[in-house]
Amino acid sequence: ASDFGSSTLDGSCSQISPVANSSSTTGIDCVLVLTALVFPVFSDFMAIGANSINRTNFGHCEKIVKKWASSSSQDLKVSENKHNLRDLLFFLHVPRTGGRTYFHCFLKKLYSRSLECPRSYDKLRFNPSTQDCRLLATHDDYSFISKLPKEKTSVVTILREPIERILSTYEFSVEVAARFLVHPNLTSATKMAGRLRSKNKQVSTLDIWPWKYLVPWMREDLFARREARKIGISNYQRSNNSYDMADFVMPLHEYINDPVARDIIHNGATFQVAGLTNNSYLPESHKVRHCVQRYQSLGAYVLEVAKRRLDDMLYVGLTEEHRESATLFADVVGAQVISQLIELSSQTEHAAVNKKEQRPSFSTSTRGSSHHGVRNSSINQKDTGLDSLIHQETNETMTVEDLMETYETCISTLRKSHAIRRAASLKHISPANFSKEARHQIPDAVIQQIISLNKLDVELYKHAQEIFATQQKYASRKMASLGMGESILYYSDGVPLWKVILLATSLVLLVFLVFLFVNARRRTLKIKI
């Protein structure tokens with residue numbers, strides 16, 4: 001058998017190469033020669049097959065993305081009355097854009113609890129087709145609007161510069177996860193979190209997208225580094241870069257390259273506005289998102305849909321233009337909400353009066369009449385949601401100026417409470433500490449990679465800036481057409497213009513009084529002389 005095999009190999013080698021036919025050629029030599037000759041051919045064949053598969057996959061993805069874009073474009077006609085507030089206000093809250101401030105310091109001041117839709121940050125808790133509510137604030141993406149009466153819904157949102165949003169997302173993920181380090185181990189932390197959520201029966205950060213994915217991920221990582229932190233503290237040599245302390249917390253460069261971050265965080269604003277997050281209500285969203293993540297050229301379709309959806313929104317704010325955005329929100333959204341709720345209250349009161357007149361009349365005592373009067377007042381305010389707009393001291397309706405003053409007070413309180421909570425959390429991973437100053441220590445290579453991973457968000461933010469500028473011009477023209485000129489709420493270096501005018505008037509008056517005083521003194525001196 002060995003002779004037969006040897007002769008076969010020798011014969012094959014002799015046909016392939018004269019060198020292989022020498023007396024020193026063995027079966028192994030022949031195998032090596034055959035491998036050397038066949039392998040390049042096999043490699044070329046595999047490369048051709050791989051390229052063919054890639055072309056097939058790209059073609060398949062292109063069809064999926066184009067089909068989604070085409071169906072989405074059918075509903076993307078910018079409505080002529082987009083500047084008018086409709087019955088339902090949908091606040092599409094992009095994470096880490098300052099939306100929590102807007103919700104607590106604007107929207108909750110405008111809408112009473114009775115007008116808020118049941119909180120849906122974690123899941124849909126009501127039937128939008130039957131629920132009589134006026135405000136919906138959620139981290140859900142734009143696909144949620146498929147559950148709402150679109151023709152009666154106005155959408156508002158806020159966008160943030162992509163690099164800042166990514167850094168803030170990283171910091172908040174670590175901050176919330178660090179709160180669990182008071183527990184002895186990960187198992188204890190997980191069980192306690194579950195018990196507290198079931199006991200309080202409230203929506204927790206761990207229930208809300210995207211934190212329900214990001215916080216557990218960071219929590220597990222922080223517990224895995226617990227021993228390294230103990231050793232690291234004793235051997236710690238001072239470093240200025242809190243974003244690259246592997247012994248204490250996952251470094252930023254690892255965070256942005258993890259598959260979790262690539263799927264949820266990068267280009268997150270674009271995917272959320274397009275309705276394609278991993279929390280989407282669209283069945284095809286995951287396929288579309290993964291195709292775009294795999295083939296970047298397909299992102300242009302998603303970006304175009306996201307841009308046109310921003311175009312159709314009632315308001316688009318910018319985190320970086322904080323004061324200007326807040327002022328514009330008060331003028332564009334706040335003013336219309338106040339007007340709408342006053343009208344709603346008037347309609348409800350009118351309906352209640354008609355209903356009362358239709359009832360059979362009975363003789364009632366003075367005490368009974370007084371009781372009914374209080375009850376009607378309660379209906380007019382609380383049941384219509386107008387109670388949030390009524391000053392308890394003066395019983396006057398809130399104005400846009402009042403709204404801005406309330407906002408300034410509220411935001412100051414929120415910032416203080418958040419700073420205290422943040423400091424308490426980050427002490428568990430000290431000496432790592434996140435701040436605006438610390439961000440300057442992040443290597444430029446990491447910043448450039450963030451930009452590269454968020455190209456869609458970079459372009460969408462530029463478009464949002466253009467929309468914001470257009471909104472400001474529109475608001476100014478509207479004020480002028482109403483004979484109001486520029487809004488008295490527009491800020492200059494962080495100070496309301498009405499305050500600037502008041503200060504200027506006071507200074508002029510002071511100068512005039514000084515002038516009169518000096519003249520009076522001169523006349524007195526002349527008389528004495």
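This is a predicted model: local features need pLDDT of at least 70, side-chain atom pairs count only at pLDDT 80 or more; totals for chains, interfaces and linings use all residues.
1. Strand pairing. Strands S3 (residues 153-159) and S4 run parallel and are joined by 4 bridges. Within this pairing, Val156 has Tyr315 of S4 as its bridge partner.

2. Burial of S4. Strand S4 spans residues 315-318 and is covered on both faces. Tyr315 and Gly317 lie on one side, Val316 and Leu318 on the other, and all are buried.

3. Cavities overall. Searching the whole structure gives 4 cavities of 30 Å³ or more.

4. The largest cavity. Its volume is about 90 Å³. Strand S3 supplies the largest share of the lining, 3 residues. The lining includes Thr153, Ser154 and Val155, together with Lys82, Arg86, Lys150, Arg309 and Asp312. By class, the lining residues divide into 5 nonpolar, 2 polar and 5 charged.

5. The second largest cavity. This cavity holds about 70 Å³ of space. Among its lining residues are Pro95, Arg165, Thr169, Trp209, Pro210, Trp211 and Gln272. Helix H4 (162-178) and helix H10 (268-274) are the elements that give two or more residues to this lining. The lining comprises 6 nonpolar, 3 polar and 1 charged residues.

6. Helix H6. Trp211, which lines the second largest cavity, is also one of the buried residues of H6. The other buried residues of this helix include Leu214, Val215, Trp217, Met218, Leu222 and Phe223, as well as Arg219 and Asp221. Helix H6 covers residues 211-224, and at 1.5 Å a residue its 14 residues should span 20 Å; the end C-alpha atoms are 19 Å apart, which agrees.

Note on methods: Residues are numbered from 1 along each chain as its sequence is written. Side-chain values use heavy atoms; hydrogens and water are left out. The expected span of a helix is 1.5 Å times one less than its number of residues. Buried means under 20% relative accessible area, exposed over 50%, partly exposed in between (1.4 Å probe, protein chains only). Two strands pair if DSSP finds at least two bridges between them. On a 1 Å grid over the protein atoms alone, a cavity is a set of points where a 1.4 Å probe fits but cannot get out, and a pocket is an open set with protein on both sides within 12 Å along at least five of seven lines; lining residues have an atom within 4 Å of a point. Grid points are joined across faces, edges and corners, and a volume is the space filled by probe spheres set on the points. Ala, Val, Leu, Ile, Met, Phe, Trp, Tyr, Cys and Pro count as nonpolar, Asp, Glu, Lys and Arg as charged, and the others, Gly among them, as polar.
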